[in-house]
Amino acid sequence: METLDINEIINLLFVLSIAASVAGFMAGLLGVGGGIIIVPALYYAFTVLDFDVATRMHLSVGTSLAIIIPTSIISTKTHMDYDAVDFKLIKSFGIFILLGVIGGTFLAVNLKTPAFILFFSIMAFIVGLFFIFFREQLLKNPKMISDSAKNISGIIIGFISVLLGIGGGSLMVPFMRTFGYDIRRSIGTAAGVGFLIAVFGTITMITGGKIVNNISTPYSIGYVNLLGFLVFVPVTMIMARVGAKAVYKIEKNILSKIFGIFLIVVSIRSFFEYLSIS
């Protein structure tokens with residue numbers, strides 16, 4: 001890792017602060033953990049810091065999950081003020097989410113960086129398309145689904161969320177809407193589920209990096225980087241509360257499409273990164 005000059009440090013802090021603001025706001029507004037924005041921002045930062053390319057993506061994902069912990073707490077607490085968090089569902093759904101988290105972490109610690117980036121690129125593209133074309137269509141036609149389908153979906157949500165370094169809201173909100181939940185209650189409950197994913201995902205990524213792979217990246221514990229965590233957390237905590245309050249005041253359809261387009265751009269950029277290091 002090379003020494004940074006003052007201009008590089010300022011640029012790094014500026015990029016991270018902007019990304020943290022957007023990620024935190026999206027976390028509260030759309031019920032997403034913000035990780036799909038945090039991960040590429042952290043990857044850029046770790047590239048500037050010249051961290052080992054073999055661990056950059058793993059650190060980005062693990063650190064993102066850690067950052068989402070306080071963000072999801074603030075978001076969940078705000079939605080609780082509006083009685084929009086279904087803790088009964090979280091309790092029944094939680095164990096299957098955690099099983100998915102464990103499976104996702106096992107795969108994550110064994111993936112090479114190029115494959116990890118390619119997976120992130122593909123999933124970001126899919127989620128982006130969903131936000132642009134399908135999110136609102138899905139929300140118009142809620143229907144009941146079986147408990148078994150719900151449990152299997154919980155495992156899938158936990159599994160994919162860890163691999164993307166997200167709180168699961170991008171997956172959880174539309175899923176809840178398919179079995180009849182109000183949009184605001186879906187967002188509030190997704191924030192609570194995001195807390196579970198973030199906490200257990202962080203624990204497993206720390207364990208996987210420190211014990212399984214025995215990495216020794218500067219200022220990191222396992223696959224969680226403390227510098228990235230300290231820069232992001234204050235900003236995301238503030239902006240998550242702002243975003244959660246905005247849910248009840250503004251129309252989100254246009255914003256969802258803008259967010260989807262942003263994810264498509266992130267996906268394309270990640271794919272080029274994959275080509276450059278593979």
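For my notes, Ala, Val, Leu, Ile, Met, Phe, Trp, Tyr, Cys and Pro count as nonpolar, Asp, Glu, Lys and Arg as charged, and the others, Gly among them, as polar.

**Ground rules.** I am working on a predicted model, where local features need pLDDT of at least 70, side-chain atom pairs count only at pLDDT 80 or more, and totals for chains, interfaces and linings use all residues. Residues are numbered from 1 along each chain as its sequence is written, and side-chain values use heavy atoms, with hydrogens and water left out.

I found about 450 Å³ of space in the largest pocket, counted as the space filled by probe spheres set on the points. Among its 20 lining residues, I noted Pro 40, Ala 41, Tyr 44, Val 266 and Arg 269 as the closest to the centre. By class, I have 16 nonpolar, two polar and two charged residues in this lining. Helix 2 gives the largest share, seven residues (helices are DSSP runs of H or I, at least four residues, numbered from the N terminus).

**Salt bridge.** I then followed Arg 269, which forms a salt bridge with Glu 273, their closest N and O atoms being 3.8 Å apart. My rule was a side-chain nitrogen of Lys or Arg within 4 Å of a carboxyl oxygen of Asp or Glu. I see both Arg 269 and Glu 273 in helix 10, four residues apart, about one turn of the helix.

Technical notes. On a 1 Å grid over the protein atoms alone, a cavity is a set of points where a 1.4 Å probe fits but cannot get out, and a pocket is an open set with protein on both sides within 12 Å along at least five of seven lines; lining residues have an atom within 4 Å of a point. Helices (H or I, at least four residues) and strands (E, at least two) are DSSP runs, numbered from the N terminus.
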